[in-house]
Amino acid sequence: MPEASGDPLPRGAVVGPFSGPRAAWGEHLERAAERYGAAVNWELYDDRGEAETARQIAEAVVAEGRHALVVGHFNSAGAAAALPVYRAAGLPVLLPLATTPGLLADGAGTLLRWCPDDRAQAADLLAAVRDAGHARVAVTHDGSAYGERLALLVRDAPAAARPALPSGAVVSDGSGPATGAVPVPAALAGPSPDVLDGPDVLDGPEGRDASVLTALVVCGTHVGAARAAREWRAAGFEGAFWFTDDCAVDEFAELLGPVDPAYVARMRGGPEAHVDAAFAAAAAALAEDPARTGRTLLAAVRAHADRGFTALGEPEPGSVGWDFVPVPAPVADGVPARTGGRHGRAYDVIVVGAGVVGSATASALARHGARVALVAPMDGRDEHATAWSGGLVRSFEADPYLRGLALRSHHLAWGPAALAPGPYGFMTTGSLVLCGDADLEQAEKGVAELNGAGVPAELLDPGVLGARFPGLSVDGVTAAVWEPRAGYADPPRTARVYRDRALAHGARLLPARVRELDAPPGADRVRVLLEPGGPVEALAVVLAAGGGTGEIAGHRLSGADAGRTKSIRYGFFHHPATTGLPTVVDMVSGVWGRPQLTGEAAGGYMAGRPVDEWDVPPGGLATLTDEHVAYIRRGAAARWPWLADPATRFLGGRQGVDLYTPHSRPHLGRERSDSRIVLATGWSGAGFKTAPAAAELAAAEALDVLGGG
């Protein structure tokens, strides 16, 4: 799929289970997004088949306001949670695989369903069982709410489809555990089967005469249904199994094992045909007119569809239906090694943290073809440092290691690619780094390195500095490194650009918080515990969580090496003396600042002063107290005297949190030489400008893990 940055293609959100136990169904959506990506930039969001995660994704998609329509969700419970959010925003939704009856009842004309529903499945399934000659039938489920709901639909299917329940069959009276199970007398055996609670819910099949049954309908997820069937077979059931449609995926045969006879309900033509039809119609409608939105877009999708729809958005009667096919024999060697095994595929790499470093790392990995998940909380709180960064960009750093990262980042992003405003909102202001006596040696070396790398730079003495920038005091300054092409960029916008590139290359978003990383020595995967969502696996993890590093993995770093969080504050001020001032970083006093050329506080000058507040929770605020503002004025006025002028207006401010390491250098590389966890965190304020190079290195390290290095 094409890159999102600068791409005129309309965007579509694809929401489904791309990891976890239902990941086999997400493959249908992935493949279709690849096939129909020429006219639409499809962005994949991983809801893992979980209703709460699905709702969070819906809220995030609507809040972003960038998508023309949504394809998904696969899971009906997730769809039910998400659809009201989309409906309120007027965002069209195509449901190719969600089968719960009644989902479109309150759709207000914003939905199209491409598949038959479960009420029809229940009736058709029992008709197929009857036509196969089975008279002694019962229904069981896997213990999930989904399976139980399906079982009740089968029980309540139209009478014409109901076979007779055998006399003496053991069913539940609905009162609870196995002690409430009673034989059904012949006189009470009506024309319909009842729900026979499965052994996964009760103590087991003990007390049930399974041999009286000739067919057992098993309802539930493909993982749960396979487990239930194996237990029933072990308990003596020798009849035919009939499975509901979640089992119509390739890996079900392997999960089930050698059970015969066994049949599975499948959407007529196969589920992938319905997914492809939805994507094809959406792509055709948007290719015809990329500006279409809302009901106009949905009408165009209808016009390009391969089937008709009712006014409510359901497929017209007779256009879809159910087939019942034998479960194929298991594949000999199971699923490929790079997947997560029988219970849902693992990712190649999970990137924890959606700031600029994490997003750029995910982009680099996805471009290399890795199966990437980017974990990003979507609860409206921007806790990554990027959201509150001042966005200063230059190539000079006094530390040679950080200088190397900054120079590489210049060539990757801030140089020719950053022609103002460019994709990152870059503004050329020029940059000064003010040096004292102790900094002079590295300043001289740095200027030589920058010029040698094609980045114009010069060393200015205090006299030249004071004459050129009269709004700046040069007290205590020995020299200054001047970069005329440096400036600042828009940090949140930059992170979004990289995230969009990652999604455009097939990365998936996991809306969650990481609570723990479990990577025992010698293990071939890292187990990432998400909230919400539970565990998901990856062959490698890149931890780019900034201030959240300690909470997630502080125990993995020895002692103080985990770093400490520290508050960062800056304000925007307006005074005539700021005219012509460039970006400034003062190594003598620690203050920093830059012009604000556009947007909020445009025409003002940003000034920040270090604060001695440690071990604070990650996050940020778009406000400062009067005490905060006074503190900045007092300390920064030594460098910018106009801050002490009562006429200087305060225009607003921000506060964020950075992670500081004891050695003042970031953690960038594997936590141990044999580890599958790559660290990319702890920049102490230098992270934004060096992020492109840091991400390149973090991605290379993760790819090395995948390669067995």
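Me: How do helix 10 and helix 14 cross, and at what angle?
Reply: Helix 10 (residues 356–367) and helix 14 (residues 491–504) have axes that come within 8 Å and cross at roughly 25°. Axes here are lines fitted to C-alpha atoms, for helices over the stretch in contact, with angles from 0 to 180 degrees between N-to-C directions. Helices are DSSP runs (H or I, at least four residues), strands likewise (E, at least two), numbered from the N terminus.

Me: Parallel or antiparallel?
Reply: Helix 10 is roughly parallel to helix 14. The label covers angles under 35 degrees; over 145 is roughly antiparallel, 65 to 115 roughly perpendicular, and the rest oblique.

Me: Which residues of helix 10 meet helix 14?
Reply: Val356, Ser359, Ala360, Ala362, Ser363 and Ala366. Their partners in helix 14 are Thr494, Ala495, Tyr498, Arg499, Arg501 and Ala502, with contact meaning heavy atoms within 4.5 Å.

Me: And by class, what is in that contact?
Reply: The contact of helix 10 with helix 14 has 7 nonpolar, 3 polar and 2 charged residues. Ala, Val, Leu, Ile, Met, Phe, Trp, Tyr, Cys and Pro count as nonpolar, Asp, Glu, Lys and Arg as charged, and the others, Gly among them, as polar.

Me: What should I know about the model itself?
Reply: It is a predicted model: local features need pLDDT of at least 70, side-chain atom pairs count only at pLDDT 80 or more, and totals for chains, interfaces and linings use all residues. Residues are numbered from 1 along each chain as its sequence is written, and side-chain values use heavy atoms, leaving out hydrogens and water.

Me: Backbone next. Where are the cis peptide bonds you have?
Reply: One runs from Gly72 to His73, with omega near 5°. Another runs from Asp260 to Pro261, with omega near 0°. His73 is in the loop between strand 3 (67–71) and helix 3 (76–89), and Pro261 is in the loop between helix 7 (250–256) and strand 11 (262–267).

Me: Arg48 has a positive phi. Is that residue buried or exposed?
Reply: Arg48, with phi of about 55°, is buried at 6% relative accessibility. Buried means under 20% relative accessible area, exposed over 50%, partly exposed in between (1.4 Å probe, protein chains only).

Me: And Asp615, buried or exposed?
Reply: Asp615 is exposed at 52%, and its phi is about 60°.

Me: How many disulfides?
Reply: The count is 0, a disulfide being a pair of cysteine sulfur atoms within 2.5 Å.
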